[in-house]
Amino acid sequence: MDKITVPWTILTAVISALSALLGVHISNKAQEKRLKIQFENEANVRSLELKKKKLEEMFILFQKWEMDITCLYLRFIPVFKGEANATVVQSAASENSLQEKGDHQKFQAILNLYFPELKEAFGVVMDKRGVVLKYCNGEIAATPDNLDAFCAEQNAFELITANFRSKLADVAVEL
């Protein structure tokens, strides 16, 4: 059998073409890997920015809610002293609320969707709020004898809300 000889020029062209294709393939793989990493980083940054924005919104909504409870407490002190009517005070408090319609629902949605780890701490706040509101809704008589207990419960509520705000700040630092 005769040997088939391939001219060096054709062999060189084939080797060069295969080398070029291999180089393009390696370059494409590296580019694909870089783009994937870049996409993941950008997605993480967007997610982090969204969580920070939602945390800020939640913080503001919480402060408005807390201030409304505190203002109600301050308005009720004259009721316990016998200097004002509870119905009039409740009406004035609802007319002068810092919260807008749907703020509490928005707060709850953000809490449940973005920060479920804070639900337990907020539950403690809600439990104490329930105790304070017993003094405002007539479950506990608005008499001078109950004023000190009412003030003590409100002070305890304010400590618990301060603790919750601190937990919100901790989340912000972690982000």
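Helix α1 runs for 73 residues in this predicted model, and the distance from its first C-alpha to its last is 106 Å, close to the 108 Å expected at 1.5 Å a residue. Just beyond the end of α1 comes Gly82, whose phi is positive, at about 85°.

A partner for this helix is found in α5. The two helices, α1 and α5, pack at an angle of about 170°, and their axes lie 11 Å apart. Because angles over 145 degrees count as roughly antiparallel, α1 and α5 are described as roughly antiparallel to each other. Sorted by class, the contact of α1 with α5 comprises 18 nonpolar, 4 polar and 3 charged residues.

Within α4, the buried residues are Ala121, Phe122, Val125, Lys128, Val132, Leu133, Tyr135 and Cys136. These residues cover an arc of only 145° around the axis, so they sit on the same side of α4.

What do the buried residues of α4 pack against? Their neighbours are α1 (8-80), α2 (86-95), α3 (103-114) and α5 (147-174). Just after α4, a positive phi of about 95° is taken by Gly138.

Notes:
Residues numbered from 1 in each chain as written. Predicted model: local features only at pLDDT ≥ 70, side-chain atom pairs only at ≥ 80, totals over all residues. Heavy atoms only, no water. Buried < 20%, exposed > 50% of the residue type's maximum accessible area, 1.4 Å probe, protein only. Helix = DSSP H or I, 4+ residues; strand = E, 2+ residues; numbered from the N terminus. Arc of directions from axis to C-beta. Contact = heavy atoms within 4.5 Å. Axes fitted to C-alpha atoms, helices over the stretch in contact; angles between N-to-C directions. Parallel < 35°, antiparallel > 145°, perpendicular 65-115°, else oblique. Nonpolar A, V, L, I, M, F, W, Y, C, P; charged D, E, K, R; others polar. Expected span 1.5 Å × (residues − 1).
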